[in-house]
Amino acid sequence: MKRHALSTRLWHWLNLVCVVVLFMSGLTISNAHRRLYWGDWGFAAEQAWLTVPRFPDWMTIPGYYSLAVARDWHILMAWPFALGLLFMWIVMLANRHFKHDIVTSRKEWKPSAVWHDIVRHLKLDFDHEGGKYNFLQKLAYGLVLGVFLPMMIFTGIAISPGMEPTFGWLVELLGGRQSARSLHFIFAFAIAAFFVVHVVLVILAGPIRQIRDMITGGREG
């Protein structure tokens, strides 16, 4: 039996491309106005809760400052990103991958069990004891799939001028357009942090096998 289903592998690599392009083009968009606000509006420095550093061109798409080009790349990748996540959720619910491999049990939330899992991670012991993922992995994947990625889509819709007339209720639900923009930034960097930790753990757990399994599917056990 394959360790990773074909649907998981396809989504994993498609999502990687989408997230990288969205993040790098988003840095160019951030450079256009580096202050973040809460509420419906904001512009002046004294109204900002955070002033974001200017990101160097090598970290951005298109690699030089062009707000129009960056927005084109951002919109281009937003559609496969959103539709890919919808596809993944449909498949995870249909094949029960979410229920069997990601949903946590009450036992796993006991403080002693959580601490035990943390200690094992610090010792670079990633054994799953019969399951596909351990508690910290389940928690991380659940947050990314159920909170971080969906919130990127919802906040992205809320800050898009073309979407606001139809999704005004969503803008209000998120606390205003500037609040949605701030949340968009926060969740983007939460995903970036997850990406860095994920790559580090893959390297520590054996990158050749991990990457090979995500391409071929690998084998259970």
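**Figure 1. The largest nonpolar core of this predicted model, a set of 30 residues.** Look for Phe81, Leu145, Leu149 and Leu174, the residues with the most contacts inside this core. The largest share belongs to α5, with ten residues. There's also a second, separate core of five residues, and Leu27, Leu36, Phe55 and Phe185 are among them.

**Figure 2. Leucine 145 and what it touches.** Leucine 145 is one of the residues with the most contacts inside the largest nonpolar core. Skip the neighbours within four places in sequence, and leucine 145 is still in contact with Trp11, Leu85, Trp89, Met92, Ile102 and Pro150.

**Figure 3. The second largest pocket, with a volume of about 1,300 Å³.** Its lining runs to 38 residues, and the ones closest to the pocket centre are Ile29, His74, Gly156, Ile159 and His184. As for where the lining comes from, α1 (6-32), α2 (67-94), α5 (135-158) and α7 (177-205) each supply at least two residues. Sorted by class, the lining of this pocket has 26 nonpolar residues, nine polar ones and three charged ones.

**Figure 4. Histidine 121 in helix α4 (residues 111-122).** Histidine 121 counts as buried because its relative accessibility is 13%, and the cut-off for buried is under 20%. With residues up to four places away in sequence left out, histidine 121 touches Phe126, Asn134 and Leu136.

**Figure 5. The protein chain, with its eight helices and two strands.** Going along the sequence, you get the pattern α-β-β-α-α-α-α-α-α-α. Taken along the principal axes, the C-alpha atoms fill a box of roughly 55 × 35 × 35 Å. The chain has 221 residues, and 36% of them count as buried. Take the contacts between residues at least 6 apart in sequence: 69% of these join residues at least 24 apart.

**Figure 6. Confidence in the predicted chain, with a mean pLDDT of 92.** Of the residues in the protein chain, 96% reach a pLDDT of 70 or more. Confidence is highest in strand β1 (residues 35-36), at 97, and lowest in helix α8 (residues 207-216), where the mean is 88.

Key. Residues are numbered from 1 along each chain as its sequence is written. This is a predicted model: local features need pLDDT of at least 70, side-chain atom pairs count only at pLDDT 80 or more; totals for chains, interfaces and linings use all residues. Side-chain values use heavy atoms; hydrogens and water are left out. On a 1 Å grid over the protein atoms alone, a cavity is a set of points where a 1.4 Å probe fits but cannot get out, and a pocket is an open set with protein on both sides within 12 Å along at least five of seven lines; lining residues have an atom within 4 Å of a point. Grid points are joined across faces, edges and corners, and a volume is the space filled by probe spheres set on the points. Helices (H or I, at least four residues) and strands (E, at least two) are DSSP runs, numbered from the N terminus. Ala, Val, Leu, Ile, Met, Phe, Trp, Tyr, Cys and Pro count as nonpolar, Asp, Glu, Lys and Arg as charged, and the others, Gly among them, as polar. Buried means under 20% relative accessible area, exposed over 50%, partly exposed in between (1.4 Å probe, protein chains only). Contact means heavy atoms within 4.5 Å. A nonpolar core is a set of buried Ala, Val, Leu, Ile, Met, Phe, Trp, Tyr and Cys residues joined through side-chain atoms within 4.5 Å. pLDDT is the predictor's confidence in each residue, from 0 to 100.
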